[in-house]
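Take a quick look around first, then come back to the text.

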Amino acid sequence: LRGMVMLVNTSRKTGFYVRDVVVQAGGLEIRSPSDLERVIKTLLPEEPLALGIWRRGTLVPLTIDRLPR
(Lines give C-alpha, C1' and ligand atoms only; values in the text may rest on other atoms or scores of the structure.)
Protein backbone atom coordinates (compact mmCIF):
# COMPACT_ATOMS: atom_id res chain seq x y z
CA LEU A 1 0.00 0.00 0.00
CA ARG A 2 1.39 3.38 -0.91
CA GLY A 3 -0.24 6.24 0.94
CA MET A 4 -2.72 5.36 3.62
CA VAL A 5 -4.58 6.43 6.71
CA MET A 6 -4.15 3.91 9.52
CA LEU A 7 -6.52 3.85 12.45
CA VAL A 8 -4.96 3.15 15.82
CA ASN A 9 -7.63 4.36 18.24
CA THR A 10 -11.03 2.81 17.53
CA SER A 11 -14.44 2.08 18.91
CA ARG A 12 -16.33 -1.15 18.26
CA LYS A 13 -19.46 0.92 17.62
CA THR A 14 -17.95 2.33 14.41
CA GLY A 15 -16.98 -1.00 12.85
CA PHE A 16 -13.28 -0.07 12.77
CA TYR A 17 -10.53 -2.19 14.25
CA VAL A 18 -6.99 -1.39 15.29
CA ARG A 19 -4.65 -1.40 12.27
CA ASP A 20 -7.48 -0.90 9.74
CA VAL A 21 -6.23 1.20 6.84
CA VAL A 22 -8.55 3.57 4.96
CA VAL A 23 -7.68 3.17 1.27
CA GLN A 24 -10.90 4.47 -0.35
CA ALA A 25 -13.51 7.07 0.53
CA GLY A 26 -16.45 8.16 -1.57
CA GLY A 27 -15.12 6.03 -4.43
CA LEU A 28 -11.73 7.79 -4.46
CA GLU A 29 -8.30 6.44 -3.54
CA ILE A 30 -7.00 7.72 -0.21
CA ARG A 31 -3.25 8.26 0.05
CA SER A 32 -3.05 10.67 2.98
CA PRO A 33 -5.14 12.09 5.82
CA SER A 34 -5.67 15.24 3.74
CA ASP A 35 -7.24 13.15 0.95
CA LEU A 36 -9.75 11.76 3.43
CA GLU A 37 -10.45 15.23 4.81
CA ARG A 38 -11.15 16.58 1.29
CA VAL A 39 -13.70 13.81 0.63
CA ILE A 40 -15.46 14.39 3.95
CA LYS A 41 -15.72 18.14 3.26
CA THR A 42 -17.60 17.47 0.01
CA LEU A 43 -20.37 15.53 1.75
CA LEU A 44 -23.66 16.94 2.88
CA PRO A 45 -24.04 17.01 6.69
CA GLU A 46 -26.14 13.82 6.93
CA GLU A 47 -24.72 12.02 3.88
CA PRO A 48 -23.19 8.61 4.70
CA LEU A 49 -19.54 7.99 3.85
CA ALA A 50 -18.62 4.84 1.91
CA LEU A 51 -15.13 3.62 2.78
CA GLY A 52 -12.80 0.90 1.59
CA ILE A 53 -10.84 -0.50 4.53
CA TRP A 54 -7.74 -2.67 4.14
CA ARG A 55 -8.00 -5.24 6.94
CA ARG A 56 -5.62 -8.18 7.22
CA GLY A 57 -5.00 -8.39 3.48
CA THR A 58 -8.61 -7.93 2.40
CA LEU A 59 -10.54 -4.90 1.15
CA VAL A 60 -13.60 -4.47 3.39
CA PRO A 61 -16.45 -2.08 2.50
CA LEU A 62 -17.72 0.04 5.38
CA THR A 63 -20.36 2.76 5.38
CA ILE A 64 -20.34 5.38 8.12
CA ASP A 65 -23.61 7.10 8.95
CA ARG A 66 -22.97 10.74 9.80
CA LEU A 67 -24.89 12.76 12.34
CA PRO A 68 -26.24 16.19 11.53
CA ARG A 69 -23.89 19.04 12.43
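What follows is a short tour of this predicted model, from the overall layout down to a few single residues.

## The big picture

Let's start with the parts list. The protein has 69 residues, and 26% of them are buried. There are one helix and five strands.

The accessible surface comes to about 5200 Å², and carbon and sulfur atoms own 55% of that. If you take the contacts with a separation of 6 or more, 42% of them link residues 24 or more positions apart.

## Strand 2 and its two partners

Strand 2 covers residues 21-25, and four of its five residues are buried. Which strands does it pair with? One partner is strand 4 (residues 49-55), which runs antiparallel to strand 2 and is joined to it by four bridges. If you want to spot one of the residue pairs, look for V21, whose bridge partner in strand 4 is W54.

The other partner is strand 3 (residues 28-29), also antiparallel, with two bridges to strand 2. Here A25 has L28 as its bridge partner. Strands 2 and 3 make a hairpin with two residues between them, and G26 in the turn has a positive phi of about 60°.

## The nonpolar core

Which residues make up the largest nonpolar core? It has 11 of them: F16, V22, A25, I30, L36, V39, L43, L49, L51, I53 and L62. Strand 2, helix 1 and strand 4 are the elements that each give two or more residues to this core. Strand 4 gives the most, with three.

Leaving out residues up to four places away in sequence, A25 touches I30, L36, V39, L49, A50 and L51.

## Two buried aspartates

Is D20 buried or exposed? D20 sits in the loop between strand 1 (5-6) and strand 2. Its relative accessibility is 1%, so D20 counts as buried. The D20 side chain makes a polar contact of 2.7 Å with the side chain of R55. A polar atom of that D20 side chain also lies 2.9 Å from the backbone nitrogen of Y17.

D35 is found in helix 1 (residues 33-42). D35 has a relative accessible area of 18%, and because the cut-off for buried is under 20%, D35 is buried too. Its side chain makes a polar contact with the side chain of R38, at 2.5 Å. Setting aside neighbours within four places in sequence, D35 is in contact with E29 and I30.

## Two arginines with positive phi

Finally, look at two loop residues. R19 lies in the loop between strand 1 and strand 2. Its phi is near 75°, a positive value in a residue other than glycine. With a relative accessibility of 63%, R19 counts as exposed.

R56 is in the loop between strand 4 and strand 5 (58-64). Phi of R56 is near 50°, again positive in a residue that isn't glycine. What is the relative accessibility of R56? The value is 84%, so R56 counts as exposed.

Methods:
Residues numbered from 1 in each chain as written. Predicted model: local features only at pLDDT ≥ 70, side-chain atom pairs only at ≥ 80, totals over all residues. Heavy atoms only, no water. Buried < 20%, exposed > 50% of the residue type's maximum accessible area, 1.4 Å probe, protein only. Pairing = 2+ DSSP bridges. Polar contact = N/O pair within 3.5 Å; in protein donor to acceptor, adjacent residues only side chain to side chain. Contact = heavy atoms within 4.5 Å. Areas by Shrake-Rupley, 256 points an atom, 1.4 Å probe, with all protein chains shown as cover. Core = buried A, V, L, I, M, F, W, Y, C linked by side-chain atoms within 4.5 Å.
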